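Subject: Handover of a structure for your review

Dear colleague,

Please find the structure below, followed by an account of what was found in it.

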Amino acid sequence: MNEITHQPAAEHGEHEHHVTPPIVYMVIFGCLLAFTALTVGASYIEMGVFNPIVALAIGVIKATLVVLFFMGVKYSTKLTKLTLGAGLFTFLALIGMTLADYISRAWGRW
Amino acid sequence: MSDSTAIANGAPEAQHHEHPSYQRHHFESVEQQADATNFAMWLFLLTEIMFFGGLFTAYLIYRNWYYPAFVAASHQLNIFWGTANTGVLISSSFTMAMGVWCAETRRKSGLVLCLVLTFVLGLIFLGIKTIEYSEKIEKHHVPGFHYSVKNFTDPASDPETYKEYKDKPMPLDMARHTELYFFLYFAMTGMHALHMIIGIAILGFMIFRARAGAYTGGHVTFVENFGLYWHFVDIIWIFLFPLLYLISRHQ
């Protein structure tokens, strides 16, 4: 994961470009399949309110792995990281405000 | 390509830097161009997050409102096909990531192979989705004029699902809200499938270009940014799968 390789031919100042080695992709692929098996397995266990929480937590872990490694955000510029962070923040703020509205107004009286 | 046009049009020589043909004139360097393109792609993906986010929020709220209907309706989904499709989609993300690596390390045949595999896995995903959709059509679970609440007011009328879940009959006023579940099911998986179809079409185009060596000459931006799109579509499914198929098994 810490190998930083450059493009093979660096003719006239080609930009530095992080190349993620295949072994990282393979490990992440394995993890994603394992988490998929885990989330299906977990759904067969009776956990009451924790069933959706566990399922979503595993989903968030899988999505994080995809974003960091398959999409290469771990090795990307600060601008990309900030963009993604701002987007997630806005998304959560919008969902949060929407839910706050529903919960505080008509919850249980539909 | 753009170099020669610019020279032919008499662009001022002083401003003309030596640079590879794939660098646009208005960028200082290839790196700046790649960063700008990458930034644009992420901005597009953010709009996509907002778009799907609205659907997820609707699902969250309606599931809490009409909880028994959503639980019973989600029992209609087939966990085997859902899991198989998740595996297929994750595999296609892996082959796409390997494709980006092949492009970066200038392996032309490797890149073509990876793109073809991604293309085929995408088609398999859509094929499995078709099997699932056709079952919904047969059971009259597609929202609209032909929608039927029979399987929810009288669960025993659907022996296969009844055997597994033993759902209790629901009163009609709750059972009719199962239509809302299937509306959101088709809206979310349908929009996801549409993204897959668009992605597969672009993949077809890329396979032709890759065979001509377009992405293995040091300019990988297109493959990279398509990879971002493909992985994003994968992430949407990573959340759709548990929310639609899994979380209501025991309720």
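I begin with a loop residue: B:Arg106 is found in the loop between α4 and α5 of chain B. Helices (H or I, at least four residues) and strands (E, at least two) are DSSP runs, numbered from the N terminus. Please note that this is a predicted model, in which local features need pLDDT of at least 70 and side-chain atom pairs count only at pLDDT 80 or more, while totals for chains, interfaces and linings use all residues. Residues are numbered from 1 along each chain as its sequence is written, and chains are lettered from A and ligands numbered from 1 in the order in which they are written.

Although B:Arg106 is not a glycine, its phi is positive, at about 60°. It has 17 other C-beta atoms within 10 Å and is therefore partly exposed. A residue is buried if 20 or more other C-beta atoms lie within 10 Å of its own, exposed if 12 or fewer, and partly exposed in between, with C-beta atoms placed from the backbone. B:His140, also not a glycine, has a positive phi near 60°. B:His140 sits in the loop between α5 and α6 (150-153) of chain B, and counts as partly exposed because it has 15 C-beta neighbours inside 10 Å.

Chain A and its side towards chain B

Chain A contains three helices and zero strands, in the order α-α-α from the N terminus on. Of its 110 residues, 18% count as buried. In contacts (C-beta atoms, placed from the backbone, within 7 Å) between residues of chain A at least 6 apart in sequence, 37% join residues at least 24 apart.

Between the chains, 42 residues of chain A are in contact with 42 residues of chain B. On the chain A side, α1, α2 and α3 (78-105) each supply at least two residues, and α3(A) gives the most, with 10 residues. By class, this side of chain A has 24 nonpolar, 15 polar and three charged residues. Here Ala, Val, Leu, Ile, Met, Phe, Trp, Tyr, Cys and Pro count as nonpolar, Asp, Glu, Lys and Arg as charged, and the others, Gly among them, as polar.

One helix pair spans the two chains: α1(A) and α4(B) pack at an angle of about 170°, with their axes 10 Å apart. The two helices are therefore roughly antiparallel. Axes are lines fitted to C-alpha atoms, for helices over the stretch in contact, and angles run from 0 to 180 degrees between N-to-C directions; angles under 35 degrees count as roughly parallel, over 145 as roughly antiparallel, 65 to 115 as roughly perpendicular and the rest as oblique. Residues making this contact include A:Tyr25, A:Phe29 and A:Leu32 of α1(A) and B:Ile90, B:Phe94 and B:Ala97 of α4(B). The contact has 12 nonpolar, four polar and no charged residues.

B:Phe94, in helix α4 of chain B, counts as buried because it has 25 C-beta neighbours inside 10 Å. Not counting residues up to four places away in sequence, B:Phe94 touches A:Tyr25 and A:Phe29.

Packing within chain B

The axes of helix α9 (residues 178-211) and helix α10 (residues 221-246) of chain B come within 10 Å and cross at roughly 155°. This makes α9(B) roughly antiparallel to α10(B). Among the residues in contact are B:His192 and B:Met196 of α9(B) and B:Trp230 and B:Val233 of α10(B).

Lastly, B:Glu132 is found in helix α5 of chain B, where it touches B:Asn78 and B:Trp81, leaving aside residues up to four places away in sequence.

Yours sincerely

Technical notes: Contact = placed C-beta atoms within 7 Å.
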